[in-house]
Amino acid sequence: MAKKKESVIKHHAAAPINDINVTPMVDVMLVMLIIFMVITPMLSKGVTVDLVKTRNPIPMQAADKSDAIVCAVTHDGKTYLGTTQVPAEDLPPKVKDLLSNRVDKTVFIRADARAKYERVVDVVDNLRAAGVDNLGLITEQIQEKMVGTPATQAK
């Protein structure tokens with residue numbers, strides 16, 4: 001009997017891939033971006049009002065903090081402390097409680113552009129009676145429309 005030579009077949013593994021496939025990550029990130037873009041406007045603090053529009057507003061980043069005290073006056077004269085409707089004359093004791101452990105005694109007022117001036121003054125008076133040091137009136141900047149072509153505006 002003759003010995004048969006067995007041929008040994010060697011299988012070489014494929015070379016490792018050095019590239020990272022980022023397509024699934026990009027897909028997930030775009031979905032998350034869309035979700036946050038839809039959800040963020042719903043997270044606005046307080047009552048929705050049409051703010052007064054001004055040309056030169058002063059930025060107030062403290063009003064965007066989660067612990068900021070915000071009062072709102074709607075166009076029909078209702079007063080809100082955060083999201084709770086409160087009569088203007090009941091504001092001082094409630095605001096005093098909120099300000100008791102704070103160093104910064106600032107309260108922000110969001111007044112509707114169509115609200116009666118008298119109602120806004122009542123809220124300011126009641127907040128001053130509560131010991132508020134600083135009042136911030138929240139407004140919105142006027143978005144001026146560009147008229148003409150960019151070349152004519154550069155002159």
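A salt bridge here is a side-chain nitrogen of Lys or Arg within 4 Å of a carboxyl oxygen of Asp or Glu. I wrote that down before opening the model, which is a predicted one.

**Entry 1: salt bridges**

I went through the charged side chains and got five salt bridges by that rule. I looked at Asp-50 and Arg-114 to begin with: their side chains meet at 3.1 Å, N to O, so the pair passes the 4 Å cut-off. This pair links distant parts of the chain, with Asp-50 in the loop between α1 and β1 and Arg-114 in the loop between β5 and α3, 64 residues apart. I checked how open Asp-50 is, and at 44% relative accessibility it counts as partly exposed.

Next I looked up Glu-140, which forms a salt bridge with Lys-53, the closest N and O atoms being 3.3 Å apart. Glu-140 lies in strand β7 and Lys-53 in strand β1, so this pair ties together parts that are 87 residues apart in sequence. Glu-140 is partly exposed too, at 36%.

Then I found Arg-119 with Asp-122, at 3.6 Å between the closest N and O atoms. These two are three residues apart in helix α3, about one helical turn.

**Entry 2: helix α3**

I stayed on α3, which has 13 residues and reaches 18 Å from its first C-alpha to its last. Which residues of α3 are buried? I got Val-120, Val-123, Asn-126 and Leu-127. After α3 comes Gly-131, with a positive phi near 95°.

**Entry 3: helix α2 and the sheet**

In α2 I found Leu-91, Pro-92, Val-95 and Leu-99 buried. They cover an arc of only 90° around the axis, which puts them on the same side of α2. This helix lies across β2, β3 and β5, at about 20° to β3.

Last, I traced the sheet: five strands, open, in the order β4-β3-β2-β5-β6, with mixed pairing. β4 and β6 stand at the edges with a single partner strand each, so one side of each has no neighbour in the sheet. I followed β5 and β6, which run parallel and are joined by five bridges. Val-107 stands opposite Leu-135 in β6.

Key:
Residues are numbered from 1 along each chain as its sequence is written. This is a predicted model: local features need pLDDT of at least 70, side-chain atom pairs count only at pLDDT 80 or more; totals for chains, interfaces and linings use all residues. Side-chain values use heavy atoms; hydrogens and water are left out. Buried means under 20% relative accessible area, exposed over 50%, partly exposed in between (1.4 Å probe, protein chains only). Helices (H or I, at least four residues) and strands (E, at least two) are DSSP runs, numbered from the N terminus. The arc is that of the directions from the helix axis to the C-beta atoms. Two strands pair if DSSP finds at least two bridges between them. Contact means heavy atoms within 4.5 Å. Axes are lines fitted to C-alpha atoms, for helices over the stretch in contact, and angles run from 0 to 180 degrees between N-to-C directions. The expected span of a helix is 1.5 Å times one less than its number of residues.
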